[in-house]
Every structure is written in C-alpha cells, then in structure tokens.
Amino acid sequence: MVRYQFSSSGTPELPGHTGPRLSYIAKDQFSSDWNSELHTHSCAELFFILDGHGHFRTLYEEFPISFQDLLIVNANIPHTEVSSLKSPLQYIVLGIEGLKAASPEAGYIMLHLHDGWTELNSCVDLMLQESAKTLPGHEDVCRHLLEVVLIQLGRHQDLSFSGETPGPRASKECELIRRYIDNHFKEDLTLDHLAKLAHLNKYYLSHSFRREFGTSPINYLISRRVEESRFLLRKTDHPLSLIAEILGFSSLSYFSQCFRRVEGISPTEYRKQIRKNS
C-alpha cells in the first residue's frame with residue numbers, strides 16, 4: 001500500500017469557507033498480507049476501484065465490486081474489501097473528514113460510473129502524484145482537487161453529500177474505545193485493557209461509554225462478535241466451536257449464550273433458518 005497523510009493544519013481556508021477536509025489518500029492492491037477483517041474509520045472513505053474483482057462486506061451484506069465502481073462509506077461504518085485471487089482488486093481511497101453521504105440508511109453507497117470516470121480518475125491520480133512529490137503547496141492542490149471530485153460526484157441524481165451530523169459528539173476517549181473494539185473485537189479484550197488504552201478509570205469508562213452509546217464497552221464487544229458470527233454462520237460451514245474460537249469467545253457455551261441473548265435464538269437455529277430460507 002502507498003499512503004499519504006495530510007496535516008490537520010496548513011494554508012488557511014478562504015474567509016467563511018468550511019467543508020470537507022482531506023485526511024489521507026492511499027493506493028492499494030491485493031497481496032498475501034491483505035487484511036479483510038471488518039473495521040471502521042473516524043472519517044468517510046471514497047473508494048475508486050481501478051482494476052480487478054472482489055466483494056465489499058458490511059455487517060449485514062456482501063456484494064460484488066469491480067472496475068469503475070465507486071464506494072462511499074460514512075465514518076464509523078464497519079466494512080472491508082475481499083479480493084478475487086484470479087483478478088486482484090486495486091483501488092485508490094480518499095479519507096475525508098467532515099463528509100457524509102446524505103441519507104443512506106446503511107451508511108454507504110455504491111455507484112457504477114460510466115460517465116465522468118476518466119475525469120475523476122485523472123483527479124485522484126493527480127492527487128497521488130502531488131502527494132508523492134511533496135512539492136510546496138501540494139496539500140492545497142490536493143484539497144482543491146477534492147473539491148472538484150465532490151462537485152462532479154454531486155452531479156449524480158442518486159448522490160448527495162452533507163456535513164457531519166450536528167449535535168453532541170461522543171467524547172474522544174469513548175470514540176477511541178468504540179473504534180478500537182470495532183477493529184480488534186476478535187482479540188481477548190477486557191475492561192481493564194480498554195480503560196488503560198483510554199487512560200481512564202475502568203468504572204468511569206464504563207459509565208461514560210454507556211452514556212454515549214447506550215451500552216457498556218463489554219456488551220458492545222459482544223454485540224460486534226455476534227454480528228460477525230452471523231456472517232460466518234451464513235457463509236461458512238465452520239462448526240460452532242471454531243466460530244466461537246475465531247471470534248474470541250472463551251467457550252462454545254458462552255458464545256451460544258451471548259448469541260441467544262442478542263438474537264433470541266441459538267446459533268444452530270439461526271443457521272437452520274438461513275439455509276431453509278435460501
């Protein structure tokens with residue numbers, strides 16, 4: 001992967017100008033060390049699929065992606081990309097602060113771009129070139145190119161953008177812990193470990209997290225594992241004991257107990273229902 005990070009400061013914006021800010025740009029191609037686990041970001045991401053075939057995964061669905069597809073994923077939406085081995089995925093991704101694809105209930109949108117793809121691809125490719133050269137003013141050039149990209153995308157009738165949702169934001173510590181859980185939920189996480197990461201007392205963290213998100217850190221961890229287990233139950237023939245081990249549950253019985261508490265039925269019953277319906 002080639003990745004360039006942008007500073008949060010730089011040349012001041014024009015008076016009265018506010019809007020999305022480019023946080024990073026990266027170019028990636030499938031390789032043996034590709035990470036296809038669900039994860040989240042604190043900013044929105046725009047994926048421009050340059051070559052290859054694969055699938056885009058979220059908590060609730062999986063669908064094919066290929067050349068000239070554009071994916072827009074809002075901040076804090078769990079997702080990942082899975083590449084075909086025969087036709088490796090290649091894409092450029094822009095990380096954008098303060099941007100939200102307007103009104104998608106699922107938190108993401110996919111477009112297949114026939115018209116305007118060449119112009120958009122030229123813009124993002126030039127952004128990569130400017131980032132690689134790091135000449136004076138390259139960050140400003142990239143920010144202006146981002147404006148061009150968003151204006152062009154905004155011409156599509158089925159796509160619109162808005163700023164970040166107004167209202168109270170989660171505390172930095174709680175947001176950090178939620179993102180950490182999203183990205184590490186298969187690991188052996190404890191409240192003590194999470195509190196140490198946030199530099200908070202564990203009781204204060206638990207109370208603050210519940211106030212922000214309506215659940216405790218550990219219950220949020222369990223819900224993330226159960227969400228992932230639904231995918232494995234639908235898409236694989238893994239035995240329940242292996243699924244429990246993959247997702248970090250201490251035992252099969254604890255996995256079954258947590259799944260039933262969240263879903264109202266056992267993992268076995270869930271798998272039977274899915275296969276019967278399909």
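Predicted model: local features only at pLDDT ≥ 70, side-chain atom pairs only at ≥ 80, totals over all residues.
I'll start with the cores. The largest nonpolar core has 29 residues, and the members that touch the most others are L22, L46, F48, L70, L94, M127 and V149. Where do they come from? The elements giving two or more residues to this core are strands β2 (21-29), β3 (44-51), β6 (69-73), β8 (90-97) and β10 (108-112), along with helices α1 (117-133) and α2 (138-153).

Take L22 as one example. Beyond its neighbours within four places in sequence, L22 is in contact with F6, L94, G95, I96, M127, C142 and L146. There is also a second, separate core, made of 28 residues, and C174, F185, L233 and L247 are among them.

Next, the strand pair. Strand β4, residues 53-58, runs antiparallel to β7, and five bridges join the two. One of the bridge partners to look at is H79 in β7, which is paired with T58. Is β7 itself enclosed or open? Strand β7 covers residues 79-83, and four of its five residues are buried, so the rest of the structure largely encloses it.

Last, the loop residue. S266 sits in the loop between α8 (252-263) and α9 (267-277). Is S266 buried or exposed? Its relative accessible area is 13%, and because the cut-off for buried is under 20%, S266 counts as buried. Which residues does S266 touch, leaving aside neighbours within four places in sequence? S266 is in contact with F259 and R260.

That is the list; I'll take questions.

Key
Residues numbered from 1 in each chain as written. Heavy atoms only, no water. Buried < 20%, exposed > 50% of the residue type's maximum accessible area, 1.4 Å probe, protein only. Contact = heavy atoms within 4.5 Å. Core = buried A, V, L, I, M, F, W, Y, C linked by side-chain atoms within 4.5 Å. Pairing = 2+ DSSP bridges.
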